[in-house]
Amino acid sequence: MKTVRIGIFGYFRGAAYADHILANNGQIVAVCDKNEERLQEAKEKLGDMVTCYKNFDEFLDHDMDAVLITNFFHEHTEYSIRCMEKNIHVLSECASNSTMAEGVQLVRA
């Protein structure tokens, strides 16, 4: 089975998924969060296998297969679309859109 290289965007809630990802043949290769303390937590938990970013654009350039979106719920659509435009799979930890228009944007992406 192929190991899936996963990035986590938003480590505050994303940390809760880390053990599940690792237990299911996933490899967490990157974490993005604007909070330096969260990035430090990711480094302590995941060690050298993870690269930490504060900037989403830099994070998105990391070599990964999928991104777990766990940032603020009302921003999932925007960031999910940006991932898909880079051919990166997306898993949104909650409803991915708050309006029908955002749902349409996601389907079109």
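How do the residues of the lining of the second largest pocket divide into nonpolar, polar and charged? I'll come to that. Some ground rules. This is a predicted model, where local features need pLDDT of at least 70, side-chain atom pairs count only at pLDDT 80 or more, and totals for chains, interfaces and linings use all residues. Residues are numbered from 1 along each chain as its sequence is written, and side-chain values use heavy atoms, with hydrogens and water left out.

Pockets, then. On a 1 Å grid over the protein atoms alone, a pocket is an open set of points where a 1.4 Å probe fits, with protein on both sides within 12 Å along at least five of seven lines; lining residues have an atom within 4 Å of a point.

Back to the question. The lining of the second largest pocket has nine nonpolar, five polar and no charged residues. Ala, Val, Leu, Ile, Met, Phe, Trp, Tyr, Cys and Pro count as nonpolar, Asp, Glu, Lys and Arg as charged, and the others, Gly among them, as polar. This pocket is lined by 14 residues, with Val 4, Ile 6, Ile 21, Leu 68 and Leu 91 nearest its centre. Strands E1 (4-9), E4 (66-69) and E5 (89-92) and helix H1 each supply at least two lining residues.

Now the largest pocket. Its lining has 17 residues; Gly 10, Asp 33, Lys 34, Asn 71 and Phe 72 lie nearest the centre. Seven are nonpolar, four polar and six charged. H1 gives the most, three residues.

Helices next. Helices (H or I, at least four residues) and strands (E, at least two) are DSSP runs, numbered from the N terminus. The axes of H1 (residues 11-23) and H2 (residues 36-46) come within 10 Å and cross at roughly 15 degrees. H1 and H2 are therefore roughly parallel, a label for angles under 35 degrees. On H1, the contact (heavy atoms within 4.5 Å) uses Tyr 11, Phe 12, Ala 18, Asp 19 and Leu 22; on H2, Arg 38, Glu 41, Ala 42, Lys 45 and Leu 46. That makes six nonpolar, no polar and four charged residues.

Terms used: Axes are lines fitted to C-alpha atoms, for helices over the stretch in contact, and angles run from 0 to 180 degrees between N-to-C directions. Angles under 35 degrees count as roughly parallel, over 145 as roughly antiparallel, 65 to 115 as roughly perpendicular and the rest as oblique.
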